[in-house]
Amino acid sequence: MTDEDFLRFFADAVGAAEGSVHLDTELQTLEGWDSVAYLSTMTYLDENLGVAVSPDQLVEAKTVADILKLARAGQ
Amino acid sequence: MQHSSILAVECVLGSETLSFETLEERFGVENMRKVFSGSGIRNRRVAPAGVCGSDLAFEAAENLFAKYDVDRSSIDFLIHCTQTPDYLLPTTACILQDRLHLRKDCGAFDLNLGCSQYVYAMTVASSLIASGVATKVLVLTGDTMSQTVHPMDRAVVPILGDAGSATIVGPVAEGEGFLGFELGTDGSGYKYLINPASGFRVPRTAETAIAVADKEGNVRSQENFFMNGAAVFHFAITTVPKTVHKVLAKVQLSMDQVDLFLFHQANRYMLDYLVKKLQIPPEKTHFYVEETGNTSGTTMPGVLSDAIRLGKVKPGAVVLMIVFGVGLSWAATVVRWPEKTLPLKAQA
């Protein structure tokens with residue numbers, strides 16, 4: 001899974017236009033970053049990296065890059 | 001040691017349907033689209049006000065006695081599973097013993113667990129039979145979780161349904177029935193599924209009855225059921241696959257040797273992912289949640305009775321059942337379906 005793969009998935013998960021979400025995008029600016037987006041993000045990372053990032057960790061993430069860091073640290 | 005198995009199971013759903021369209025009107029089309037994408041539950045069956053979980057359990061038991069050739073006087077133990085009892089005390093099982101006209105020398109108690117209750121009850125029933133304490137155990141489940149939620153909490157209203165069930169557990173030959181169990185608990189997650197002001201830790205007051213909206217607009221008071229869906233999902237996708245492998249190792253069977261995998265019917269999105277993660281062929285599982293909702297501890301007897309009805313459980317079949325939820329608590333068992341289950345009553 002590349003950064004680009006994740007960004008494509010993540011834009012769709014939060015209901016944003018493709019290409020409008022970047023690694024430094026702050027999560028609190030995304031209206032669609034809600035509990036349903038948490039589920040799809042956990043599923044995507046578990047499926048693609050074998051890491052089930054917990055919701056407590058997701059709450060701590062400030063940017064999209066933070067989510068990727070958390071997931072990769074768990075590998 | 002006397003071996004035992006499920007010999008008959010009946011399930012009753014809440015008599016009313018809370019439809020997708022009704023909830024679209026309540027929560028809005030876009031919100032329900034999102035909820036549906038994360039749950040896969042379209043409609044749910046709920047009990048009307050005034051109907052308790054024990055009423056559904058009672059109805060399921062009477063249906064079972066009417067359908068199968070079994071004498072209720074042969075029941076010498078009753079286990080009633082619920083988290084929505086008639087009263088905090090007395091134990092609802094005692095009331096059900098009388099309502100069902102069971103023997104007075106019949107043991108009876110409630111088992112207070114939620115989604116994991118059915119397999120836990122099977123563990124207890126099989127142990128009672130193995131130890132000679134009982135010979136035929138009636139296991140009832142019945143919950144009306146829809147009556148614990150705030151009607152404007154879209155995190156839980158679109159998920160939950162109400163149901164009850166009745167199962168007879170009795171003796172079978174060695175090599176049949178329950179082959180083994182795997183149980184687990186993680187109480188550190190107790191706040192993920194909780195009805196906070198429902199007992200003595202947080203007594204009900206005027207303050208606990210005040211409903212407030214969370215940041216996603218879900219309305220509830222401390223007297224309502226709360227679910228942290230993301231935390232429960234994380235728990236499920238990490239715990240369930242490990243537990244499936246552990247119970248199979250315990251009974252010395254491989255994934256390929258299981259004919260049917262039955263999961264607690266929490267929500268379809270979660271189940272689809274678990275099936276994919278465990279690489280289970282679609283024909284080796286069964287779903288029963290889209291039109292019923294998550295009926296708490298009754299999802300397992302519900303999905304089992306539906307699979308039996310559809311001919312998916314044949315004598316000799318190896319069935320793995322796994323349940324998980326509030327507690328946090330989980331349980332799995334593997335059953336080799338017996339050659340002889342309870343016969344149907346002869347037609348009059």
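Predicted model: local features only at pLDDT ≥ 70, side-chain atom pairs only at ≥ 80, totals over all residues.
Residues are numbered from 1 along each chain as its sequence is written, chains are lettered from A and ligands numbered from 1 in the order in which they are written, and side-chain values use heavy atoms, with hydrogens and water left out.

**Exercise 1. The cores**

Find how many residues the largest nonpolar core has, and which of them have the most contacts inside it.

Step 1. Start with the term: a nonpolar core is a set of buried Ala, Val, Leu, Ile, Met, Phe, Trp, Tyr and Cys residues joined through side-chain atoms within 4.5 Å. Buried means under 20% relative accessible area, exposed over 50%, and partly exposed in between, with a 1.4 Å probe and protein chains only.

Step 2. The largest such core has 79 residues, and A:F10, A:W33, B:F263 and B:F324 have the most contacts inside it.

Step 3. Helix α6 (residues 229–250) of chain B gives the most to this core, with 10 residues. Helices (H or I, at least four residues) and strands (E, at least two) are DSSP runs, numbered from the N terminus.

Step 4. Apart from this core lies another, of 37 residues, including B:I79, B:C81, B:V313 and B:V319.

Step 5. Now look around B:F263. Setting aside neighbours within four places in sequence, its contacts (heavy atoms within 4.5 Å) include B:V240, B:L271, B:M300 and B:I322.

**Exercise 2. Two helices of chain A**

Work out how helix α1 (residues 3–13) and helix α2 (residues 35–49) of chain A pack.

Step 1. Two packed helices are described by the angle between their axes and the distance between the axes. Axes are lines fitted to C-alpha atoms, for helices over the stretch in contact, and angles run from 0 to 180 degrees between N-to-C directions.

Step 2. Here the angle is about 155°, and the axes of α1(A) and α2(A) are 10 Å apart.

Step 3. Angles under 35 degrees count as roughly parallel, over 145 as roughly antiparallel, 65 to 115 as roughly perpendicular and the rest as oblique. The pair α1(A) and α2(A) is therefore roughly antiparallel.

Step 4. On the α1(A) side, A:D5, A:F6, A:F9, A:F10 and A:A13 take part, and they meet A:A37, A:S40, A:T41, A:Y44 and A:L45 in α2(A).

**Exercise 3. Positive phi**

Decide whether B:H101 is buried or exposed, and do likewise for B:S296.

Step 1. B:H101, a residue other than glycine, has a positive phi, near 55°. Its place is the loop between α4 and β5 (107–111) of chain B.

Step 2. With a relative accessible area of 62%, B:H101 is exposed.

Step 3. B:S296 also is not glycine and has a positive phi, near 60°. The loop between α7 (268–277) and α8 (299–309) of chain B holds B:S296.

Step 4. At 6% relative accessibility, B:S296 counts as buried.
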